[in-house]
Amino acid sequence: MVWPSKRLAETVMKSGAIVEEGYVYEDETHLTVRKTSLFFAGDGFTAYDCKGELVFRVDSYGPDAGDTGEVVLMDAAGRCILTVRRKRPSLHQRWEGFVGEGADGKKPVFSVRRSSIIGRSSMTVEVYTNPGEEYQIEGSFACRNCNIFNADKEIVAEVRRKVDATTNVVLGKDVFVLSLKPGFDGAFAMGLVLILDQIHGADEDDADGGQNGSKVGVEPTGEDSNNSNLST
């Protein structure tokens with residue numbers, strides 16, 4: 001897949017890592033994210049690369065987790081990369097991200113909030129480590145159909161439903177694709193996914209009319225779920 005312009009890719013590459021340099025990919029990258037059941041201990045999220053290798057995991061859910069307002073993103077080995085925590089009180093449902101494990105005594109590296117307190121709206125992402133760097137998240141995460149835009153309104157990442165390459169069938173919403181533009185921090189993007197899941201999780205059943213987890217047939221689309229709008 002070809003990016004819209006060399007200038008666009010170079011602009012993102014200059015932004016550098018927000019969470020961790022090791023997850024800033026030079027090439028367009030598609031991660032398959034699976035949300036595991038909420039009824040068993042040790043569940044949450046897993047994210048795999050195109051080779052099927054585990055990249056990220058989240059094990060903070062489960063019946064004993066409770067509503068802590070905090071989720072920890074780990075690498076494949078279980079090392080804590082990022083902690084996202086809900087800031088309370090907050091009219092805009094603001095969440096903050098902290099590098100590593102825990103948030104106590106640390107300064108957040110970014111925050112996410114609703115752009116408006118009235119109804120459903122886009123999300124505004126502020127990066128504190130680089131003043132002036134800001135992103136907007138638009139679309140419906142509940143439907144697994146949203147884009148992350150930089151300040152120039154260019155797509156730097158997106159969430160899309162995953163299509164089975166052999167049957168051309170859209171999989172249930174517990175399995176989706178997180179697509180990353182070259183140079184965009186994958187750990188940062190995954191942190192945004194965790195926050196979106198916390199904010200919009202309750203909206204999922206309403207968003208799909210009770211079809212959550214169902215498969216919907218589609219016309220042949222070519223190359224699996226790597227079909228994205230990142231290059232449009």
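Tutor: Strands β2 and β3 pair in the antiparallel sense over four bridges. Two strands count as paired if DSSP finds at least two bridges between them. Strands (E, at least two residues) and helices (H or I, at least four residues) are DSSP runs, numbered from the N terminus.

Student: Before we continue, what kind of model is this, and how is it numbered?
Tutor: It is a predicted model, in which local features need pLDDT of at least 70 and side-chain atom pairs count only at pLDDT 80 or more, while totals for chains, interfaces and linings use all residues. Residues are numbered from 1 along each chain as its sequence is written, and side-chain values use heavy atoms, with hydrogens and water left out.

Student: Back to β2 and β3, then. Which residue is the bridge partner of A47 in β3?
Tutor: The bridge partner of A47 there is F56. The hairpin of these two strands has five residues between them, and G52 takes a positive phi near 85° in that hairpin.

Student: And what stands opposite F56 in β4?
Tutor: D75 in β4 stands opposite F56. Strands β3 and β4 pair in the antiparallel sense over two bridges.

Student: What holds paired strands to each other in general?
Tutor: Strands of a sheet pair through backbone hydrogen bonds, either parallel or antiparallel.

Student: How many strands close into the barrel, and in what order?
Tutor: Twelve strands close into a barrel, in the order β1-β2-β3-β4-β5-β6-β7-β8-β9-β10-β11-β14, with antiparallel pairing. The twist averages 20° from one strand to the next. Angles are taken between N-to-C directions and run from 0 to 180 degrees; the axes are lines fitted to C-alpha atoms, for helices over the stretch in contact.

Student: Where does helix α2 go?
Tutor: Helix α2 (residues 186-200) packs on the sheet and touches several strands, including β1, β7 and β14. Its direction makes about 35° with that of β7.

Student: How many bridges join β1 and β14?
Tutor: These two strands pair in the antiparallel sense over six bridges, with β14 covering residues 175-180. V33 lies in strand β1 (residues 29-35), and the bridge partner of V33 in β14 is F176.

Student: Is V33 buried or exposed?
Tutor: V33 counts as buried, because its relative accessibility is 0%. Buried means under 20% relative accessible area, exposed over 50%, and partly exposed in between (1.4 Å probe, protein chains only).

Student: Which residues is V33 in contact with?
Tutor: Leaving aside neighbours within four places in sequence, V33 is in contact with F45, T46, A47, D174, V175, F176, L178 and M190. Contact means heavy atoms within 4.5 Å. L178 is 145 residues away from V33 along the chain, yet their C-alpha atoms are separated by 6.8 Å.

Student: Changing topic: how many aromatic pairs are there?
Tutor: The count comes to six aromatic pairs. Rings of Phe, Tyr and Trp (its six-membered ring) pair if their centres lie within 6.5 Å; planes under 30 degrees apart count as stacked, over 60 as edge-to-face and the rest as tilted. One of the pairs is that of Y23 and F56, which is tilted, with 4.7 Å centre to centre and 40° between the planes. Y23 is in the loop between α1 (6-15) and β1, whereas F56 is in strand β3, 33 residues apart.

Student: Are those two residues buried or exposed?
Tutor: Y23 counts as buried at 11% relative accessibility, and F56 counts as buried at 1%. Another pair, Y135 and F184, is edge-to-face, with 5.6 Å centre to centre and 70° between the planes. Y135 is in strand β9 and F184 is in the loop between β14 and α2, 49 residues apart. Ring pairs link F110, Y135, F184 and F188 into a cluster.

Student: How many disulfides does a search of the whole structure find?
Tutor: The search finds zero disulfides, a disulfide being a pair of cysteine sulfur atoms within 2.5 Å. For C143, the nearest cysteine sulfur is that of C146, 9.9 Å away.

Student: Finally, how much of the protein is buried?
Tutor: Buried residues make up 48% of the 232 residues.
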